Amino acid sequence: MPQKNIDFGKFGARGIKGSDAVARKLDELAGGIATPVTVRRGWIARLHYLTRTDHARTAARNAGLTVTDRTLKAWLEGKRAPSKANLARIDAAYRAVRRQNVARHLLKRLNREGRGTRVEIHPLNQSQVPRPLQRVVEYRTLNVRRWDRIVSTWAAGDHQGLEAAWDDTIVDLGSQWGQYEYVTNVGFAA
């Protein structure tokens, strides 16, 4: 397919996939606990978030935090600290549960009763590409009116689904949409 970059960065271009930039921005909008998981305060706060209700505990188990209740209790009381692998599981479970919890609210804010949200697409960085090989890729804006598929795949952690949903969305850029597979940033507010 001509719109897909097979060997991105071969001549020095830098950027990330547009869908990854969208996921990063949605994570930022979802907010959450700012303290890193490696600090005691950070993992305790995440554990409280994941264990405050039965629904949250079930969601945490489904997200991959499969430790015994005894271990959880020891962690929360400060008798033991989680290993590095368990810290990573706690953080991943927290992000997955947080995404599920805020997806409905975020979707409502992004759709804005059918008016949509203006998205800024910053093109890839070509500063390291030799002059004759550089192409003209402009900064673009796009009004996205239907966020349902993008937010649902993001909340489910489905990277391939998010990539497909984002590719279907940027087709509205016209014939240049393939140039925005890789970008430096995608910005929007909700």
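Mentor: Start with Glu-113: at 75% relative accessibility it counts as exposed (exposed is over 50% relative accessible area, buried under 20%, partly exposed in between, with a 1.4 Å probe and protein chains only). This is a predicted model, where local features need pLDDT of at least 70, side-chain atom pairs count only at pLDDT 80 or more, and totals for chains, interfaces and linings use all residues. Residues are numbered from 1 along each chain as its sequence is written, and side-chain values use heavy atoms, with hydrogens and water left out.

Trainee: Where does Glu-113 lie, and what is its phi near?

Mentor: Glu-113 sits in the loop between H5 and E2; helices (H or I, at least four residues) and strands (E, at least two) are DSSP runs, numbered from the N terminus. Glu-113 is a residue other than glycine, yet its phi is positive, near 55 degrees.

Trainee: Is Arg-112 buried, partly exposed or exposed?

Mentor: Arg-112 is in the loop between helix H5 (84-111) and E2. It isn't a glycine, but has a positive phi of about 45 degrees. Its relative accessibility is 39%, so Arg-112 counts as partly exposed.

Trainee: How are H6 and H7 oriented to each other, parallel or antiparallel?

Mentor: The axes of H6 (residues 148-156) and H7 (residues 159-170) come within 8 Å and cross at roughly 165 degrees. Those axes are lines fitted to C-alpha atoms, for helices over the stretch in contact, and angles run from 0 to 180 degrees between N-to-C directions. Angles under 35 degrees count as roughly parallel, over 145 as roughly antiparallel, 65 to 115 as roughly perpendicular and the rest as oblique. H6 and H7 are therefore roughly antiparallel.

Trainee: Which residues of H6 meet H7?

Mentor: Contact means heavy atoms within 4.5 Å. On the H7 side, the partners include Leu-162, Ala-165 and Trp-166. From H6 come Arg-149, Ile-150 and Thr-153.

Trainee: What do the buried residues of H7 pack against?

Mentor: The buried residues of H7 include Gly-161, Leu-162 and Trp-166. They pack against helix H1 (18-30), strand E2 (117-123), strand E3 (140-144), H6 and strand E4 (182-187).

Trainee: And which residues does Val-22 touch, not counting those up to four places away in sequence?

Mentor: Val-22 belongs to helix H1 and is buried, with a relative accessible area of 0%. Its C-alpha is separated by 7.8 Å from that of Gly-187, 165 residues apart along the chain. The residues Val-22 touches are Ile-150, Trp-166, Val-186 and Phe-188.
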